[in-house]
Amino acid sequence: MSGATAVVSGALEVEALGLEHFYAGRRGLAAVSFALRTPGAVAVTGPNGSGKSTLLRLLAGLLRPTAGRSVVRLAGRTVEPAERRTIIGFVSPELAFYDELSCRENLVFAAEARGARGAEALARAALEPVGLDTRAHDRVTALSSGMKQRLRLAFALLHRPPLLLLDEPGSHLDEEGKALVERVVREQARAGLVVIATNEEREWRLAAERIELRGRGLGHPA
Amino acid sequence: MPPSGSNSVAAVWAILRKECRSEWRTRYGLNAALLFAVATLTAVSFAAGKLPDRTDLLAALLWVVLLFAALASLAHAFVREVEGHTLTFLRLVASPAAIAFGKLLFNLLFLGVLELVTVPLFLILMGAPAPRWGPFLLVLGLGSLALAATTTLVGAVVSQARGRGALFAAVSLPLLMVVLAAGVSGLRAQWEGNPVTAEVRILSAYAATMLGASLLLYDHLWED
């Protein structure tokens with residue numbers, strides 16, 4: 001995993017202050033507050049629809065909160081939601097890649113779009129530890145669900161982000177894949193920060209701290 | 001590491017190349033657009049023959065063929081991302097503005113390729129008088145820019161709406177009327193030896209307005 005170690009040049013702090021989200025009048029996440037700091041791993045647990053995925057999307061800057069706010073500070077500087085993509089690695093079941101492009105092409109595109117130098121080398125370095133180096137030239141459409149999940153992990157680690165947001169990271173993975181997730185979380189937790197949304201005991205036990213969402217979740221009117 | 005100006009340029013360039021590669025692999029839009037353009041021109045030329053004296057009809061026909069041939073693909077620039085569930089991936093690597101400008105450049109390139117095939121075929125099949133190339137290309141280029149900017153903007157705005165197909169048509173129809181009217185008038189004027197200054201001004205102002213609106217709107221796209 002040497003190619004995927006997080007690069008953290010200063011303390012990373014993540015704070016949620018009454019963070020709440022509604023989808024078209026329905027509660028996606030009941031107000032939640034917490035403060036996290038590097039290094040470490042935190043698990044977010046809770047029943048289906050309690051807002052685990054929503055919380056990760058809010059922290060990633062992919063959703064705008066209905067109420068409250070999230071604050072991410074890197075080395076004392078606030079990272080605005082619109083900039084967070086540069087410091088996070090994000091894994092989610094809804095993250096899809098371009099079927100018509102190969103694994104390597106998808107990652108090279110991601111690295112180039114982020115303005116990284118040596119995109120080819122970065123893509124190779126990200127594919128190798130997740131076991132996709134031999135499938136680098138296969139189109140995404142030819143991958144199994146487990147391999148797509150490995151590609152999601154490779155994408156999350158591509159730019160060695162200080163903050164990893166992992167939503168059900170073990171989905172579709174075999175035993176070797178689950179061990180890979182454990183390795184990723186342990187290594188990231190040494191220098192950076194990992195937030196894992198899961199209800200799998202094996203995954204939440206990787207984290208030293210746990211945030212339990214108790215909201216009734218989506219499907220219940222506010 | 002906040003996104004810098006050079007990062008935005010890199011993102012736009014990467015998105016443009018990705019769009020080209022995806023289009024080349026899937027032929028999602030180009031084949032259908034070329035088929036429509038060639039079939040329409042062939043059918044009209046069989047039915048009406050050559051129309052060298054009807055510059056009014058020629059100008060309208062060229063824009064109608066270009067518009068309808070390109071529209072399906074232009075409208076789907078963002079819908080493809082939503083339906084393929086790749087929008088999250090895209091948003092994690094580039095800003096909304098970079099995504100939209102990458103798509104806009106691709107749409108312009110797409111129109112350019114379509115015109116490269118369609119215009120010579122049109123001139124031959126319809127027996128159109130030789131155009132005054134300067135004004136002809138100026139009107140065609142500015143019209144294409146206005147068309148691409150409008151459809152990209154509308155496509156981005158409606159991409160996550162339910163019933164986006166109907167919404168796209170309803171929103172873009174009145175916006176595209178200006179482009180069509182000025183484009184048709186400009187092409188007709190250049191064939192008739194008249195100045196195209198007014199049409200060039202309208203198309204320039206319209207394209208600039210759409211690009212300006214895009215700059216203001218794109219960074220607020222997809223804020224759920």
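How many helices and strands does chain A have? Chain A has six helices and nine strands. The model is predicted.

**View 1. Chain A as a whole.** Along the principal axes, the C-alpha atoms of chain A fill a box of roughly 50 × 35 × 30 Å. Chain A, with six helices and nine strands, has a radius of gyration of 17 Å. The globule rule gives 17 Å for 222 residues, so chain A is as compact as a globular protein of that length. Of its 222 residues, 50% count as buried. Take the contacts in chain A between residues at least 6 apart in sequence: 75% of them join residues at least 24 apart.

**View 2. An open four-stranded sheet in chain A.** The strand order is β2-β1-β4-β5, and the pairing is antiparallel. Strands β2 (26-37) and β5 (77-78) of chain A stand at the edges. Each has a single partner strand, so one side of each is left without a neighbour in the sheet.

**View 3. The pairing of β1 with β4 in chain A.** Strand β1 (residues 12-23) and strand β4 (residues 67-74) of chain A run antiparallel and are joined by seven bridges. A:E13 stands opposite A:R73 in β4(A). A:E15 has A:V71 of β4(A) as its bridge partner. In a regular strand, side chains alternate between the two faces of the sheet.

**View 4. The β1-β2 hairpin of chain A.** Eight bridges join β1(A) to β2(A), and the two strands run antiparallel. Opposite A:H21 stands A:L29 in β2(A). Two residues lie between the strands of this hairpin. One feature of the turn is A:A24, with a positive phi of about 45 degrees.

**View 5. A cis peptide bond in chain A.** The bond from A:T38 to A:P39 is cis, with omega near -10 degrees. A:P39 is found in the loop between β2 and β3 (40-45) of chain A. Most peptide bonds are trans, and most residues other than glycine have a negative phi.

**View 6. Two histidines with positive phi.** A:H172 is not a glycine, yet its phi is positive, about 65 degrees. A:H172 sits in the loop between β7 (163-167) and α5 (175-191) of chain A. It counts as partly exposed because it has 15 C-beta neighbours inside 10 Å. In chain B, B:H85 has a positive phi of about 60 degrees although it is not a glycine. B:H85 lies in the loop between α4 (79-83) and α5 of chain B. With 13 other C-beta atoms within 10 Å, B:H85 is partly exposed.

**View 7. Helix α6 of chain B.** Just after α6(B), B:G127 takes a positive phi of about 60 degrees.

**View 8. Where chain B meets chain A.** In contact here are 26 residues of chain B and 22 residues of chain A. On the chain B side, α1 (5-26) and α5 (87-93) each supply at least two residues. Helix α1(B) gives the most, with 11 residues. By class, the side of chain B that touches chain A has 11 nonpolar, nine polar and six charged residues.

Note on methods:
Residues are numbered from 1 along each chain as its sequence is written. Chains are lettered from A and ligands numbered from 1 in the order in which they are written. This is a predicted model: local features need pLDDT of at least 70, side-chain atom pairs count only at pLDDT 80 or more; totals for chains, interfaces and linings use all residues. Two strands pair if DSSP finds at least two bridges between them. Two residues are in contact if their C-beta atoms, placed from the backbone, lie within 7 Å. Ala, Val, Leu, Ile, Met, Phe, Trp, Tyr, Cys and Pro count as nonpolar, Asp, Glu, Lys and Arg as charged, and the others, Gly among them, as polar. The radius of gyration is taken over C-alpha atoms; the globule rule is 2.2 Å times the number of residues to the power 0.38. A residue is buried if 20 or more other C-beta atoms lie within 10 Å of its own, exposed if 12 or fewer, and partly exposed in between; C-beta atoms are placed from the backbone.
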